[in-house]
Amino acid sequence: MGSITLSHVNKSFGEVQVIPDISLDIKDGEFVVFVGPSGCGKSTLLRLIAGLEDTTSGHIKLDGQDVTDAPPAKRGLAMVFQSYALYPHMSVRDNIAFPLKMAKTPQAEIDRKVEYAARTLNLASYLDRKPRALSGGQRQRVAIGRAIVREPKAFLFDEPLSNLDAALRVNMRLEITELHQQLKTTMIYVTHDQVEAMTMADRIVVLNAGNVEQFGSPLELYKNPANRFVAGFIGSPK
Ligand code: ADP
Ligand code: MG
């Protein structure tokens, strides 16, 4: 289960209102992309959902439960960062196992979950390597593996592919959408890349200066953009 509901969420840093008032309903199992230009508030919105930032006002619910004041560890969500967030001195196995070790999970369970993640991500033969002995795509898969072992209610990706080259990015997009089809877990994916949004999303949230311009399927946005901003950003004919 992984439905996510935002009700009138506001976030200000001091005097600066970054997110004036956002309400969103993300269904369990959906792949939702937050897209918008740099600085529009995508990361802030994701961090509010993750609990890494406190809302200034408004409410966040996961599976109908109010988590507005819950710390990140209590939310059961997994944030996937860019692959350079790996620990260079640790093996792939230990990188993936890290959140479970922190949670004092029994070793047998750690082994089982790491094996599962490694199999799912085609990393089984790389478990004893260090990150530096992996390709960029493999490193990114390790970062995702570290999220999978936690069996989160939802995965939160913040521009995970932005430091990969174009060809690899296309590959990883496919891998992430395949992973979504396999796990059927809710995923929120932040990007400033329209193509990524259009090819990966069940539904897209188009953000502009902290406001939701439109929330709909790629086809809806393309065929029926709510306004010029959406049309221009998505590249549809309006
Ligand atoms: P995006 O991820 O879409 O590029 P961000 O969510 O990172 O945008 O930032 C949105 C706005 O909020 C930017 O103007 C940024 O400068 C501001 N901002 C983000 N985090 C902080 C912070 N901790 N303190 C002050 N301003 C911040
Ligand atoms: Mg960002």
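Predicted model: local features only at pLDDT ≥ 70, side-chain atom pairs only at ≥ 80, totals over all residues.
Reader: Why is Asn 171 called partly exposed?

Author: Asn 171 has 14 other C-beta atoms within 10 Å, and since a residue is buried at 20 or more such atoms and exposed at 12 or fewer, the count for Asn 171 falls in between and the residue is therefore classed as partly exposed. Asn 171 is part of helix H5, which covers residues 166-183, and its C-alpha atom is 11 Å from that of Gln 138, a residue 33 positions away in sequence.

Reader: What makes Lys 184 count as exposed?

Author: The number of C-beta neighbours inside 10 Å is 12 for Lys 184, and because the exposed class takes in residues with 12 or fewer, Lys 184 belongs to that class. This lysine sits in the loop between H5 and strand E8 (186-191).

Reader: How do you know that Lys 104 is exposed?

Author: Lys 104 has 7 other C-beta atoms within 10 Å, and as the limit for an exposed residue is 12 or fewer, the conclusion is that Lys 104 is exposed. The residue lies in the loop between H2 and H3, just after H2.

Reader: What makes the phi of Lys 104 worth a remark?

Author: Most residues other than glycine have a negative phi. Lys 104, which is not a glycine, has a positive phi near 55°, and Lys 184, likewise a residue other than glycine, has a positive phi of about 60°.

Reader: Why are E2 and E5 called edge strands?

Author: Four strands form an open sheet with antiparallel pairing, in the order E2-E1-E4-E5, and strand E2 (16-26) and strand E5 (65-66) are its edges in that each pairs on one side only.

Reader: What makes the pairing of E3 with E9 qualify, and in which sense do they run?

Author: Four bridges connect strand E3 (residues 31-35) with strand E9 (residues 203-208) in the parallel sense, and since at least two are needed, the two strands count as paired; Val 35 has Val 206 in E9 as its bridge partner. Both strands belong to an open sheet of six strands with mixed pairing, ordered E6-E7-E8-E3-E9-E10, in which the twist averages 15° from one strand to the next.

Reader: Why is E6 said to be covered on both faces?

Author: In a regular strand the side chains alternate between the two faces of the sheet. In E6, Leu 77 and Met 79 are on one side and Ala 78 and Val 80 on the other, and all of them are buried. Four bridges join E6 to strand E7 (residues 154-158) in a parallel arrangement, and in E7 the bridge partner of Ala 78 is Phe 155.

Reader: How is the packing of H2 on H4 described?

Author: Two packed helices are described by the angle between their axes and the distance between the axes. The axes of H2 and H4 come within 7 Å and cross at roughly 35°, and the crossing is right-handed. Val 92, Asn 95, Ile 96, Phe 98 and Pro 99 of H2 make the contact with Val 142, Gly 145 and Arg 146 of H4, and by class these residues are five nonpolar, two polar and one charged. In helix H2 (residues 92-102) the buried residues include Val 92, Asn 95 and Ile 96, and the buried residues of the helix pack against both H3 and H4.

Key:
Residues numbered from 1 in each chain as written. Chains lettered and ligands numbered in written order. Axes fitted to C-alpha atoms, helices over the stretch in contact; angles between N-to-C directions. Contact = placed C-beta atoms within 7 Å. Left-handed = near helix turned anticlockwise from the far one by under 90°. Nonpolar A, V, L, I, M, F, W, Y, C, P; charged D, E, K, R; others polar.
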